[in-house]
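The sequence and the structure come before the description.

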Amino acid sequence: MKENWTMPSLKEAKQRTKKQAVIEKSLFNIPSEVKDIGYGKKYYLRTYGCQANERDGETIAGILEALHFTSCDTPEEADLILLNTCAIRQNAEDKVLGELGSLKRLRKTNPDLLFGLCGCLAQEEAVVKTILEKYPHVDLVFGTHNIHRLPHLLYQAMMSREKTIEVFSKEGEVVENLPVKRFGTHKAWVNIMYGCDKFCAYCIVPYTRGKERSRQAEDILDEIHTLIDEGFKEVTLLGQNVNSYGKDLKIEGGFAYLLEEVAKTNIPRIRFVTSHPWDFSDEMIDVIAKYENIMPFIHLPVQSGNDEILKIMGRRYNAKEYMTLFNKLKSKVKNAAFSTDIIVGFPNETHEQFLDTIKLVDECQFDNAFTFIYSPRVGTPAAAMQDNVPMEVKEERLQILMQHTNHWAKVKNEAYLGKVIKVLVDGPSKKNKNVFSGHSETNKLVNFTGENIQVGDIVDVKITNTKSWSLDGEAIKVS
Ligand code: 5AD
Ligand code: SF4
């Protein structure tokens with residue numbers, strides 16, 4: 001271990017202090033000796049995982065371009081390869097390590113090529129140890145809390161050609177005013193908070209993303225006003241649990257207040273992810289129901305339909321409470337669509353407990369569900385539990401669950417046949433230039449034909465055919 005390395009520490013990542021996070025508005029800087037280091041150099045950035053990582057990828061790209069790097073589409077062309085990683089399940093980790101191994105060959109043709117690893121995997125003590133032992137070609141490792149340090153770290157890695165590792169395990173600050181390169185032209189991600197304090201027994205996120213820290217409402221609203229001025233039509237407010245927005249800053253009204261303020265900006269479309277059922281307040285439901293520009297699409301992870309499993313998972317609600325919330329949302333938010341996350345094969349889950357999940361799925365009839373086999377993550381309480389469920393049984397449960405969730409996805413889409421719905425246009429389809437694709441207010445993928453249609457338009461589309469994962473239709477008029 002080099003003296004100047006800052007290695008991740010699981011012990012530190014587990015700790016939580018009562019201290020409010022400092023909001024840093026001028027922490028980011030580019031020292032004069034660093035400002036041109038990217039001239040003539042190309043970067044290849046690959047992001048894995050969730051929307052929080054996608055948004056971090058936009059910041060990383062923004063910083064690299066501020067240093068005059070230009071992006072490229074293949075790793076073969078790159079002078080700098082950065083993998084922005086996900087740690088949520090073992091297969092996400094395996095994918096990245098496999099990719100790191102296979103990209104190593106490029107060093108032969110380009111000895112100056114720099115390899116970097118960042119994101120959630122970089123926050124994991126065990127992973128960084130593996131990288132040091134088995135992937136010595138990695139030159140730079142930084143975490144989720146110190147993206148603002150990228151200019152300094154790159155300078156060190158490029159100029160000294162010394163392996164550079166800096167991962168902060170303590171959550172640190174809320175860093176404002178970082179550069180950003182938006183990957184979308186009309187839809188944007190907006191962080192409203194970072195981290196998670198829920199510590200669900202299976203989940204690595206509270207360790208990789210640190211404690212809950214909210215951004216100030218003024219900063220979020222300023223960002224949204226800028227996006228509106230730039231022509232953006234949709235924002236998705238991001239947080240591991242947006243419902244607890246503002247608790248750390250003691251913002252009165254919390255997420256309900258913020259959501260209402262965002263709605264009043266009149267941006268045409270507002271979405272938000274993710275909501276934990278535990279702190280979904282009535283005030284929030286009322287705000288969602290009141291404003292037309294808040295999309296009637298709610299991602300409400302349930303994880304399991306069995307009370308004992310929910311308890312061991314540390315989810316803080318039982319199946320009945322989930323159903324009560326679900327039904328309240330359904331009755332108050334007109335024509336809402338719902339999606340969820342479900343884990344099967346949690347340690348010692350019995351067949352009967354699994355059937356409770358199926359029962360809940362059949363009651364809720366979700367429009368979409370993200371279904372996973374439980375994956376033990378080092379350092380989480382669940383990873384230390386004995387597990388008597390064989391992998392074949394978990395796989396079988398996943399198949400059965402997916403038969404149910406796929407069935408409801410198809411049924412929910414069938415109800416759109418003949419209806420006219422509003423679609424925000426993402427662009428012409430990859431396969432056919434005369435066909436456009438976009439998303440409905442309820443987040444359905446819609447492929448449709450039409451004339452004089454531009455990316456970012458909101459178009460009325462009549463649905464002529466439905467499939468499990470998309471709708472087909474014809475545009476009626478541009479509004
Ligand atoms: N194993 C399987 N799925 C997980 N998720 C989170 N941690 C794990 C894990 N260890 C799922 C949850 C969460 C979604 C983002 O990923 O369903 O809501
Ligand atoms: Fe993970 Fe639970 Fe936090 Fe979601 S709420 S990020 S599942 S710990």
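## Basis and domains

The model is predicted, with local features requiring pLDDT of at least 70 and side-chain atom pairs pLDDT 80 or more, while totals for chains, interfaces and linings use all residues. Residues are numbered from 1 along each chain as its sequence is written, chains are lettered from A and ligands numbered from 1 in the order in which they are written, and side-chain values use heavy atoms, without hydrogens and water.

Domain 1 covers 10-166, domain 2 covers 174-414 and domain 3 covers 420-478; such bounds come from an automatic or database domain assignment. Between the C-alpha centres of domain 1 and domain 3 the distance is 37 Å.

## Helices α13 and α14

The axes of α13 (residues 351-364) and α14 (residues 391-414) lie 10 Å apart, at an angle of about 10 degrees. Therefore α13 is roughly parallel to α14 (an angle under 35 degrees). Axes are lines fitted to C-alpha atoms, for helices over the stretch in contact, and angles run from 0 to 180 degrees between N-to-C directions. Helices are DSSP runs (H or I, at least four residues), numbered from the N terminus.

In this contact (heavy atoms within 4.5 Å), α13 contributes His351, Phe354, Thr357, Ile358, Val361 and Asp362, and α14 contributes Arg397, Ile400, Leu401, His404, Thr405 and Trp408.

## Ligand 2

Around ligand 2 are Cys196, Lys198, Phe199, Cys200, Tyr202, Cys203, Val205, Pro206, Gln240, His276 and Arg315, each with a heavy atom within 4 Å.

Technical notes
Helices (H or I, at least four residues) and strands (E, at least two) are DSSP runs, numbered from the N terminus. Angles under 35 degrees count as roughly parallel, over 145 as roughly antiparallel, 65 to 115 as roughly perpendicular and the rest as oblique.
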